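Trainee: Could we go through a structure together? I would like to learn how its parts are described.

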Amino acid sequence: MKEELSQLIQSSLETLVAQGDLPSDITPAIQIDRTRDKAHGDLASNIALTLAKAAGAPPRDVAAKICAALPDARFVEKTEIAGPGFINFFLSQDSNQAVVHKILDAGERFGHSDAGKGQKVQVEFVSANPTGPLHVGHGRGAAVGDSLCRLMAATGWDVSSEFYYNDAGQQISNLALSVQARCRGLGPDDAEWPADGYAGGYIQDVADAYRAGDTVDAQDRHVEAAGDVENLDAIRDFAVAYLRREQDQDLKAFAVDFDVYFLESSLYNSGEVEATVERLIAGGHTYEKDGALWLRTTEFGDDKDRVMRKSEGGYTYFLPDVAYHLNKWQRGFTRVINEQGADHHSTVTRVRAGLQALDTGIPEGWPDYVLHQMVTVMRDGEEVKLSKRAGSYVTLRDLIDEVGRDATRYFLVARAATSQLTFDIDLALSQSNDNPVYYIQYAHARVCSVVRKLAEQGIGWEKSDGLAHLDRLEEDAEKALLRRLDRFPEVVSQAASAAEPHSVATYLRELAADFHSYYNAHKMLVDDESLRAARLTLSEAVRQVIANGLHLLGVSAPESM
RNA sequence: GCGCCUGUAGCUCAGUUGGAUAGAGCAGUAGCCUUCUAAGCUAUUGGUCGAGGGUUCGAAUCCUUCCAGGCGCGCCA
């Protein structure tokens, strides 16, 4: 609709230029916005305001000329000039009702587009190391990342989701030592407890399972416990598999799945880490200092140079990070979105700098990042500190068990990633009925309920009948719903391109509010047959859009509550 | 000290990429269930958009300087 309107304005401007009312050297960017206030019509353009100076006339006069030169179009009912010189377009009833046809035709695909043209995109998220259960911060990453995947897929991208984890570094050694210590009956207060050991109670569970000789199947591995307390390698393999399985189960309970699990160790095994460091040295961007090998990342915008190889010979995490992203690039992902906690934001400049130093034609701004700010967890009015080592811990599983999957996902995805998030457990628990997610789901269930009621009364209902009588929808509440429904595709494409899934949540709340308001003011099961069919058809369209939107957030759309 | 993010109603947050009189929810106040699910609706109270300066027809939005909070600034990840 915006496109068609834009062409009308373009045509009008060309006429005015030909008449000499506008200078011929203008290059107008025609902008059309949805109006915030329905008194301003359906769509509005500021074109006259932007052209006033070039035209040498007051904006309202320019607007009048543009309107006069507009070609006739069926879908435009009338135009008005308002305020400082806006042109407001009032669309015809027909064009406002057309959205119902579109929704019922497209069904689950309404709101989708082919903007991505089938291009490959990889979304990496969560990427927690297997040293403990997932916490709330991972949950935010999972909710945002998964929703982002759904949005990219809905807008025509070929999406691959990926989970990267460190399965061999220092942290994993600490994990193995911690489990071994627990096997020996030690605790964090004992003198022999490992220096950087993990104190969480879950370590005891791992130790018990190891000694019992349990078998563990995780998404990407199968391990049988050796049971030997002296065998640190066996303990490490078992502990990693055990915690990977825990994380898999957490993610499954959260309805989040990954296409690829990528192991840091594979980059060493394949020689890619070594190849990367050699390439960086060959490129002349490195130097030795204090026995370590440095990369001159300051040449690429970093604020200080970074160590790649430590004086003791091992690599820092920085190097495998670069090798990993080179690997992504070589897999053909010209678009990559990394969803991470903002506490790791310093890696952004560093990884990009390392990739530039490789000089392989990777664009400067590649990859994209979505950084979510920290999640603070409140319980009993106090902040719960998240520390794996101290063992005081709010896991994602705790939240799912207590608050429910839908509410947890909604809460974690409904706010802009750039904003810090306070997750008040008490609030989520005590006011679970007031959670916005139920408000939206209830609107969906209400439509289903009305349809059920209809069936109970033995009354039939044909969508085609409703579609034929959409002109019966004359109430303000019905027009408001039509306007709201028509916006959905724009919300989806904007949320996808800006990587902001929260705007879908905002939209759904508004749509649900419109519907609840309508439901209370007007009865759907009226005796007037054509009006009844029209209202049911509109309601079905609302139900479909709510279901589509909730699906993008990974939240269920129940038929009854 | 430097870098990134944030600052909008008592609280939690939106704000269509610079548009018209800044919006929701919760909390508060006053109402609505013999009628399709009251997990709902209606009305109403509440604002110098952190502060100052700038850019222009027009700023919560862009630039700049401060103030406040969060995160980061390791040969940890």
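Mentor: We shall take a few regions of this model in turn.

Trainee: What should I know before we start?

Mentor: This is a predicted model, in which local features need pLDDT of at least 70 and side-chain atom pairs count only at pLDDT 80 or more, while totals for chains, interfaces and linings use all residues. Residues are numbered from 1 along each chain as its sequence is written, chains are lettered from A and ligands numbered from 1 in the order in which they are written, and side-chain values use heavy atoms, with hydrogens and water left out.

Trainee: Where does S12 sit?

Mentor: S12 belongs to helix 1, residues 2-19. Helices (H or I, at least four residues) and strands (E, at least two) are DSSP runs, numbered from the N terminus.

Trainee: Is S12 buried or exposed?

Mentor: S12 is buried, because its relative accessible area is 0%. Buried means under 20% relative accessible area, exposed over 50%, and partly exposed in between (1.4 Å probe, protein chains only).

Trainee: Which residues is S12 in contact with?

Mentor: If neighbours within four places in sequence are left aside, S12 is in contact with K65, I66, A69 and L70. Contact means heavy atoms within 4.5 Å.

Trainee: At what angle do helix 1 and helix 3 pack?

Mentor: Helix 3 covers residues 59-69, and its axis lies 8 Å from that of helix 1, at an angle of about 105°. Helix 1 is therefore roughly perpendicular to helix 3. Axes are lines fitted to C-alpha atoms, for helices over the stretch in contact, and angles run from 0 to 180 degrees between N-to-C directions. Angles under 35 degrees count as roughly parallel, over 145 as roughly antiparallel, 65 to 115 as roughly perpendicular and the rest as oblique.

Trainee: Which residues meet there?

Mentor: From helix 1, S12, L13, T15 and L16 meet K65, I66 and A69 of helix 3. By class, this contact has four nonpolar, two polar and one charged residues. Ala, Val, Leu, Ile, Met, Phe, Trp, Tyr, Cys and Pro count as nonpolar, Asp, Glu, Lys and Arg as charged, and the others, Gly among them, as polar.

Trainee: Let me change topic. In what order do the three strands of the open sheet come?

Mentor: The order is 16-15-17, and the pairing is mixed. Strand 16 (382-384) and strand 17 (421-424) are the edge strands, each pairing on one side only. Neighbouring strands of the sheet are turned by 40° against each other on average, direction ignored.

Trainee: In what sense does strand 15 pair with strand 17, parallel or antiparallel?

Mentor: Strand 15 (residues 375-379) pairs with strand 17 in the parallel sense, over four bridges. Two strands pair if DSSP finds at least two bridges between them. V375 has L421 as its bridge partner in strand 17, and V377 has F423.

Trainee: And how many bridges join strand 15 and strand 16?

Mentor: Those two strands pair over three bridges, in the antiparallel sense. The bridge partner of M378 in strand 16 is E383.

Trainee: Finally, where is L91, and is it buried or exposed?

Mentor: L91 lies in strand 4, residues 86-91. L91 is buried, because its relative accessible area is 11%. Leaving aside neighbours within four places in sequence, the contacts of L91 include M1, D42 and F75.
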